[in-house]
Protein chains: 2
Amino acid sequence: MGKSDKLSIKDVQSAEPVLTRQRKAVLDVVRSGDTHPTAAEVFESARKAMPGISFATVYNSLRYLKEAGLVREVAFGSGASRYDRETDRHDHAICSACGTLVDFDLPGTVGLIGAAARASRFKPESVHLTLVGLCPGCRGRK
Amino acid sequence: MGKSDKLSIKDVQSAEPVLTRQRKAVLDVVRSGDTHPTAAEVFESARKAMPGISFATVYNSLRYLKEAGLVREVAFGSGASRYDRETDRHDHAICSACGTLVDFDLPGTVGLIGAAARASRFKPESVHLTLVGLCPGCRGRK
DNA sequence: TTTATAATTAGAATAATTATAATTCCAGGT
DNA sequence: ACCTGGAATTATAATTATTCTAATTATAAA
């Protein structure tokens, strides 16, 4: 360690997320590719770009980025949480056979937010639909 | 194997779940009350009815009951999975402040299953909607 | 530069879950 | 009844996932 790496961040405004080098590296991993990596997978990839990064920093960064609205945490069934690049609102399909997680957008989902809020008495923030079924691969293999 | 072709009672009933005393105790815990207990909470409650039951049996039973379609596993955000009695299809609302998980049913959700299957190319099995927002309690407290 | 604040790191600690191996339970057959 | 085989249960160990702590380093402000 002991390498002095200064990052000058210009025009930082208090409302904007602070992207340190580590956080940027983590964000880049989540954004690259269309997978939904676990924290462990993010750690492994981030290490290639930044060998000194620690597991704790990956978790800290993921939490920070999640709170900043730059990534989304997706928990499905059992196992580790997965992280999704935050693009627009979207829905998820999960394969009941192999666990594959796929994004798709169903315009009709947002139309249910009002009814969902009324039925649950929650003040709504977001909605999404989850489809459980067989992915194309497992469907053929069956 | 050689002597008889007739099906045993066990074979005939193999499609039905085998509810041992322990599994019944676990099932009763999940069914009683309208909470969504974690495995640890199920263990604690099941112990009152059956002091000798072990944590491993609770996990084994929950997995068994889940595969038998008698309970459902719900993973939300981070922390432990929660278990839901399997009644009818329903949707979930999760409080972004305190983590409260509430069931509700939105008839419109099932209407989206076809479109969701088409968009994702999955063979559909089930759908459900998740609303994230503030529960009535947290809404007032804010 | 000095000071204050915040981020990063390594590793320990905790939480959640699954696996292993020994024992017990129970149904069916002799 | 006794024996036997397979499944279930148990206690415990092991694994996996996540969070916490304390020391260090970086950044921004004064």
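**View 1. Leu129(A) stands opposite Leu129(B) in β5(B).** β5(A) and strand β5 (residues 123-134) of chain B pair in the antiparallel sense over eleven bridges; strands count as paired if DSSP finds at least two bridges between them. The model is predicted: local features need pLDDT of at least 70 and side-chain atom pairs count only at pLDDT 80 or more, while totals for chains, interfaces and linings use all residues. Residues are numbered from 1 along each chain as its sequence is written, with chains lettered from A and ligands numbered from 1 in the order in which they are written.

**View 2. Chain A meets chain B through 37 residues, in contact with 38 residues of chain B.** Contact requires C-beta atoms, placed from the backbone, within 7 Å. At least two residues of this side of chain A come from each of β3 (91-95), β4 (101-104), α4 (113-120), β5 (123-134) and α5 (136-141). β5(A) supplies the largest share, twelve residues. Helices (H or I, at least four residues) and strands (E, at least two) are DSSP runs, numbered from the N terminus. This side of chain A has 20 nonpolar, eleven polar and six charged residues.

View 3. Two or more residues are given by α1 (21-31) and α3 (55-67) of chain A, and by α1 (9-12), α3 (39-49) and α4 (55-67) of chain B. α3(A) gives the most, with four residues.

Note on methods: Contact = placed C-beta atoms within 7 Å. Nonpolar A, V, L, I, M, F, W, Y, C, P; charged D, E, K, R; others polar.
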